[in-house]
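Hello,

Here is the structure you will be working with. Please open it first, then read the notes below it.

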There are 2 protein chains.
Amino acid sequence: MFSEKFFEVLNKEGVVSIVTSGKDSAHVSNTWNSYIVIVDENKILIPAAAMINTEENININSNVKLTIGSHEVMGYRYMGTGFLLEGTAKFLKSGDHFKMMMDKFPFLTRVLEVTVSSCKQTL
Amino acid sequence: MFSEKFFEVLNKEGVVSIVTSGKDSAHVSNTWNSYIVIVDENKILIPAAAMINTEENININSNVKLTIGSHEVMGYRYMGTGFLLEGTAKFLKSGDHFKMMMDKFPFLTRVLEVTVSSCKQTL
């Protein structure tokens, strides 16, 4: 699911966008590349502190898109690459993954779990 | 409209997300912090090469959201800050701003112009 280049990007700091579809408009929240934790081959865990609108939206439509990139990792032709991830999301409030994330990120109130169906390098 | 801290972020490289609302789902495209050009106090110009879905969406609903940040600029409490911008977008295919952008970014086919109504620091 995730290429070596994707993991290279995770190792550089940057802004991740988490895009959900609301009733009337799209919503976007953010996290850092370094906050992304991969588990079970195709799942991404993200610590959530607020993310109120994100949670409201995914309760109606669980489809999410994430973008992540770094100008310090080589793309197809030039320095700088990025990825578009698509999948479905839910919020974890208990369980092993929740506990593991709580140990890493004590500020979280929930964990955003994204089951990734597609991870495309965009440039 | 734009704070000193916002300009500090523009001077650090990073991934910008451009979020539009489609008929069925949200869409997200990306650019680099360094590609953002400010004109007329409240307008952002972005070189557009593809951005096909973004253009289709804004022809129906011109509202856009942009996120931009840097881990190297101090936020409210810790290192790392980010901004959420809201506004309306259109694509320029001619005119002075188009020509000025074409000189800077010869790869562009159009210019995405965002008239910003709100620029909020989010952390």
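**What was found**

Of the 123 residues of chain A, 37% count as buried. Please keep in mind that this is a predicted model. The confidence scores come first, then the fold, then the contact between the chains.

Confidence. Chain A has a mean pLDDT of 97, and 100% of its residues reach 70 or more. For the model, ipTM is 0.95 and pTM is 0.96.

Fold of chain A. Three helices and seven strands make up the secondary structure of chain A. Read from the N terminus, the order of these elements is α-β-β-β-β-α-β-β-α-β. The radius of gyration of chain A is 14 Å, close to the 14 Å given by the globule rule for 123 residues, so chain A is as compact as a globular protein of that length. Along the principal axes, the C-alpha atoms of chain A fill a box of roughly 40 × 35 × 20 Å. If we take the contacts in chain A between residues at least 6 apart in sequence, 64% of them join residues at least 24 apart.

Core. In soluble globular proteins, nonpolar side chains tend to be buried together. Here the largest nonpolar core has 52 residues, and A:Val19, B:Val19 and B:Ile46 have the most contacts inside it. Which residues does B:Ile46 touch, leaving aside its neighbours within four places in sequence? They are B:Thr31, B:Tyr35, B:Ile36, B:Val111 and B:Leu112.

Contact between the chains. Chain A and chain B each bring 19 residues to the contact. On the side of chain B that touches chain A, at least two residues come from each of β1 (15-21), β2 (26-32), β5 (63-74) and β6 (79-92). By class, this side of chain B has five nonpolar, 12 polar and two charged residues.

Regards

Conventions:
Residues numbered from 1 in each chain as written. Chains lettered and ligands numbered in written order. Predicted model: local features only at pLDDT ≥ 70, side-chain atom pairs only at ≥ 80, totals over all residues. Helix = DSSP H or I, 4+ residues; strand = E, 2+ residues; numbered from the N terminus. Rg over C-alpha atoms; globule rule 2.2 N^0.38 Å. Buried ≥ 20, exposed ≤ 12 C-beta atoms within 10 Å, placed from the backbone. Contact = placed C-beta atoms within 7 Å. Nonpolar A, V, L, I, M, F, W, Y, C, P; charged D, E, K, R; others polar. Core = buried A, V, L, I, M, F, W, Y, C linked by C-beta atoms within 7 Å. pLDDT = per-residue confidence, 0-100.
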